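Please keep the sequence and the structure in view while reading.

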Amino acid sequence: PRGATESQEGTQQPVTTSPFRAVASVRTLWWIVASGATLNFHSYAVATFNTAFLMRYHGLGIERAGQVSAVTIGLVGLLGLLIGGVLGDRLRKRRPNGRLLLAACAFLVAAPCVYFALEQPPGHYFVFATFMAAMTILTFVYYSTVYSAIQDVVEPRLRGAAVAFYFFAMYVLGASFGPVIVGALSDRMALQAMQAAGAAAMTESFRATGLHSAMYVIPTVLLVTSLVLFAAARTVGADMERMQERLRDSFR
């Protein structure tokens, strides 16, 4: 039930300073904000280029490539949400940082899944799709665990500001740059492949090579997200205690 994790009941006193300055004092929130930016960097890059990769590198038609993408980077994510919700709540009862540890471990496993997906030779799209589906399930654990962790370290009167700060980083710093950077890397590496071959014109083969090389940034970003979440797991316990202290002090 709403409010069940709070130590006090009633109405908090209004914030007398900037709400963003207040939430900026929560160390764990900075780690969570950083994880949101790296999460959306990877999410939007994959969503933008996965279908094109299946077409260029594995030779699928646009309809089949779209269907494979819809299942492997979308639909199977429902499993991740359910797994993250159930396991996250159980681990949270055992230790304060249980949710964040679960998310960090999920990303630690998701990174090699993408790497092995990209290591598949052209035409082996089924194995590629299987590894990508595993990555999606693992990364969707994030939404059920990290979103909840924000409420663990920020008191009710500041949660709107905290979520606004978090989503700003997710979309402006993460989603905005993921497709642009991966796309720029793809174009550059495709050009390098063309020049290395001594060709005078860009072909789909060179574009496939460029996109394939650029996609290797994804497992790297997933690994960074895991490290950031492990860092958040180290500070969340103390920040939860401080949140409860602020909560007690802020009631009328």
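In which helix does E241 lie? E241 lies in helix α10; helices here are DSSP runs (H or I, at least four residues), numbered from the N terminus. The model is predicted, so local features need pLDDT of at least 70 and side-chain atom pairs count only at pLDDT 80 or more, while totals for chains, interfaces and linings use all residues. Residues are numbered from 1 along each chain as its sequence is written, and side-chain values use heavy atoms, with hydrogens and water left out.

E241 counts as exposed because its relative accessibility is 56%. The terms are set by relative accessible area, with a 1.4 Å probe and protein chains only: buried is under 20%, exposed is over 50%, and partly exposed is in between. E241 is 145 residues from P96 in sequence, yet the two C-alpha atoms are 9.8 Å apart in space.

S226 is also found in helix α10, but S226 counts as buried because its relative accessibility is 0%. Apart from residues up to four places away in sequence, S226 touches A104, F107 and L108, where contact means heavy atoms within 4.5 Å.

## Helix α3

Helix α3 covers residues 62-75, and at 1.5 Å a residue its 14 residues should span 20 Å; the end C-alpha atoms are 18 Å apart, which agrees. The expected span is 1.5 Å times one less than the number of residues. Buried residues in α3 are A65, V68, S69, T72 and I73. Their cover includes α2 (27-56) and α6 (125-153).

## The largest nonpolar core

A nonpolar core is a set of buried Ala, Val, Leu, Ile, Met, Phe, Trp, Tyr and Cys residues joined through side-chain atoms within 4.5 Å. The largest one has 57 residues, of which L29, L100, M132, M135, L222 and L229 touch the most other members. Two or more residues each come from α2, α3, α5 (98-118), α6, α7 (159-175), α9 (204-214) and α10 (217-249). The largest share, 11 residues, is that of α2.

Leaving aside neighbours within four places in sequence, M135 is in contact with H42, V46, A110, C113, V114 and L222.
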